[in-house]
Amino acid sequence: MSTRNLFFLSTILSLPLAVSMFGIELPGGAYTMAILATAVQFGCGWRFLMGAWHAFLNRAANMDTLVAVGTLTAYLYSVYALGSGKAMYFEISALLITFILLGSWLEDLTKGRASKAIEKLLGLQAKDATVIRNGHAVQVPVEQITVGEIIMVKPGEKVALDGEVVEGSSSVNESMVTGESLPVEKQPGDTVIGATINQTGTFKFRTTKVGQDTLLAQIVELVSRAQASRAPIQKFADTVSGFFVPVVLILAILTFDIWYLLLGASVTTALLYAVAVVVIACPCALGLATPTALMVGTGRGAKMGILIKSGEVLESARDIKYIMFDKTGTLTNGKPVVTDIVGDDHGKIIQTAASLEAASEHPLATAILEQAKTEKLPVQPVTQFEAVSGRGITGKVDGRPSLIGNRTLIEDHQIEIPYSAEMSKLEAEGKTVMIVAEARQVLGLIAVQDQPKANAPAVIAELKAMGLEPAMITGDNERSARAVAKQLGIKKVVAEVMPGEKAGEVTAFRTRGKVAFVGDGVNDAPALAGADLGIAMGSGTDIAIEAGGIVLVKNDLADVVHALKLSRKTFGRIKLNLFWAVIYNLAGIPLAAGALSSFGFTLNPAIAGLAMALSSVSVVTSSLLLSRSKI
Amino acid sequence: MNQLIVGLGSLGLIGLIVWWFFGKPKSTITNAETTATGQMVRITVSGGYMPNRIQLKRGVPAKLIFTRQDTSSCFDEVVLPDFGIKTKLPVGQAFEVTVDPAKPGNFKYSCGMNMFHGEIIVK
């Protein structure tokens, strides 16, 4: 029978006994009471007796041991009293079982809600998809689809697997997987994520990941692992729970002895205090404090696209002093753009520069070509092209001798530079400035910069408000690194670091205090692993399972703040739960033992049992409230 | 006289509790059986995990087959944190948990509330 049904049955059987507490005599008197209490004790409470017995045979004790010992003591004493004409307490054993069943039922309900995250994620998976095979659209179960197949998605349909759009365009709701609230536009070449929902148009995509490799499967795996993990703070509860029940049993015996032997109370009074001690103690509250909060915290994170990998990570996040960002692609967009053009004829400057850069593979060339494309300026033919290492490019654009490069290149060609002041100003802003010249005359300057993400200053300000000191690490030269850092409000800068040296720099920084490192999960894996807390920003459908303690599914800097807040709140909730569980037991046991009886305060064992049942429910409820707290 | 009997009885009971629960001898180690696909151990869940100390060969896929006989809610779940596994155990059925013993070491597993423990030794 389910716990719920057992509770209702137990309630029906116990109600007449409860009524008898108010002096109303039941038909059949004490014998009716004994029959009802026996039915509750050995019918509804059988599971506790068996649980306790199995544990006992294994020389172990658990919650069932306390329930069985407490209720059996009250029940057996009442049977003895029935035969000897003394006061009986059948209602106590029956009500105790009823209350504990109520607690178990409520606990099951709340625990079920706390562990819903993984089920919800698994439920997102599409069952089948329209696959184009031999030119025909066929409906295929998702597990039979392989990498490289073309899938058609109509408006309102789920994107079945991860892939790349090959035809058509649409906007896709990715919120259920990445936490991104706005629909994401998809064009040929863009990646799509399985389990997201197509909104407006029809498109086709080629599958790139199936089965356990999809982003959703990786998220499920990561969240499952996190929920199975343990937080170091739990160690205390684990140690206590090892000897909790036997110690409570000993305390109950001592309570009986103190009342009966030292204070001269009757056997009945001493026994009632001892029973109250047994049934008020609750090891479950201690045992549930950490895993339920961890479950709710990691589940909420998964919903927001924040994957916290373990309980240990939560503890690391609590006392971080420095938060170090990799600059390129994390604080900045990772793509240089033309920010300034200085000179009389902007069109000519860009066109000449783009023509020279068209054959170049330099990263800055892309920015200039992109600008020319935006301004609809066609690239002109270039002859006598020459890339001068570390300086720039020379060549003939449409037959005219032209060049683009740094100050050294222009000086090498003994051309006068007219825009010195503007150049210095742009360089001071951390921009890379290129001079464009034609026929020994400088046409103008082009400044290029990998610009900070729009929300970067706000994110940095919020992190500072949280008491963290932001820092930036980059391969850029000191001057341009400092210029970007200044725009963002970052004071600590580690510049001119080669990619392979990042991890070493992070480790060195740890001598000042605990460091969280934020970078992309692929290139920054060693630095993420070297920090006290690694936060890997995701890109597309690859999440760095191995790198970092926290993985952000979407590439949004604001999630760094959310991740740290969620980690701190979850850890705070674990501490609160543990504190409550410890205080409850520390205060409850002396109270049940009659420590305040001289002030007229005593606890009926049935009420002590209700308190015990509700204490574990309150811990789970406290964890559930984490899903509503403001992040 | 009654008081003396109660006092001595209490002391005896306390002694029994201490001996029974804290004087438990360390259980013996059970080796996994070799199967065609790897290795396998059957674990009965009844008032604890029996056997509760099992030894697996490193690098050989292992199946832990839990048969839960105990309806106590303590055993609703089994958690193997080092293997990233937390799963519900149905009552009265053989439930298979697959682990990958890639690293050598001693790994604890427990019930959902960490009251009952077992140990996996990978060698």
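Mentor: Let us begin with A:Arg628, in the segment after helix H23 (605–625) of chain A. Please bear in mind that the model is predicted.

Trainee: Why is A:Arg628 called exposed?

Mentor: Its relative accessibility is 67%. Exposed means over 50%, so A:Arg628 counts as exposed. A:Arg628 also belongs to a surface patch of positive charge, together with A:Arg113, A:Lys120 and A:Lys303.

Trainee: Why does B:Val18 count as partly exposed?

Mentor: B:Val18, in helix H1 of chain B, has a relative accessibility of 38%.

Trainee: Which residues make the nonpolar surface patch with B:Val18?

Mentor: The patch, of about 780 Å², also includes B:Phe22 and, from chain A, Phe243, Val247, Leu251, Leu254, Ile258, Leu262 and Leu263. Two elements give two or more residues to it: helix H9 (234–262) of chain A and helix H1 (2–22) of chain B. H9(A) gives the most, with six residues.

Trainee: How do you know that A:Arg59 has no salt bridge?

Mentor: A:Arg59 lies in the loop between helix H3 (46–57) and helix H4 (63–84) of chain A. The nearest side chain of opposite charge, B:Asp70, is 16 Å away. A salt bridge needs the atoms within 4 Å, so buried A:Arg59 has none.

Trainee: What makes the approach of A:Arg59 to B:Trp19 a polar contact?

Mentor: A polar atom of the A:Arg59 side chain lies 2.9 Å from the backbone oxygen of B:Trp19. The cut-off is 3.5 Å, so the distance qualifies. The A:Arg59 side chain also reaches the backbone oxygen of B:Trp20 at 2.9 Å.

How values were computed
Residues numbered from 1 in each chain as written. Chains lettered and ligands numbered in written order. Predicted model: local features only at pLDDT ≥ 70, side-chain atom pairs only at ≥ 80, totals over all residues. Heavy atoms only, no water. Patch = residues over 30% accessible without salt bridge, like charges linked within 9 Å, V, L, I, M, F, W, Y side chains within 5 Å. Areas by Shrake-Rupley, 256 points an atom, 1.4 Å probe, with all protein chains shown as cover. Lys, Arg positive; Asp, Glu negative; His and termini not counted. Charge placed at Lys NZ, Arg CZ, Asp CG, Glu CD. Helix = DSSP H or I, 4+ residues; strand = E, 2+ residues; numbered from the N terminus. Buried < 20%, exposed > 50% of the residue type's maximum accessible area, 1.4 Å probe, protein only. Polar contact = N/O pair within 3.5 Å; in protein donor to acceptor, adjacent residues only side chain to side chain.
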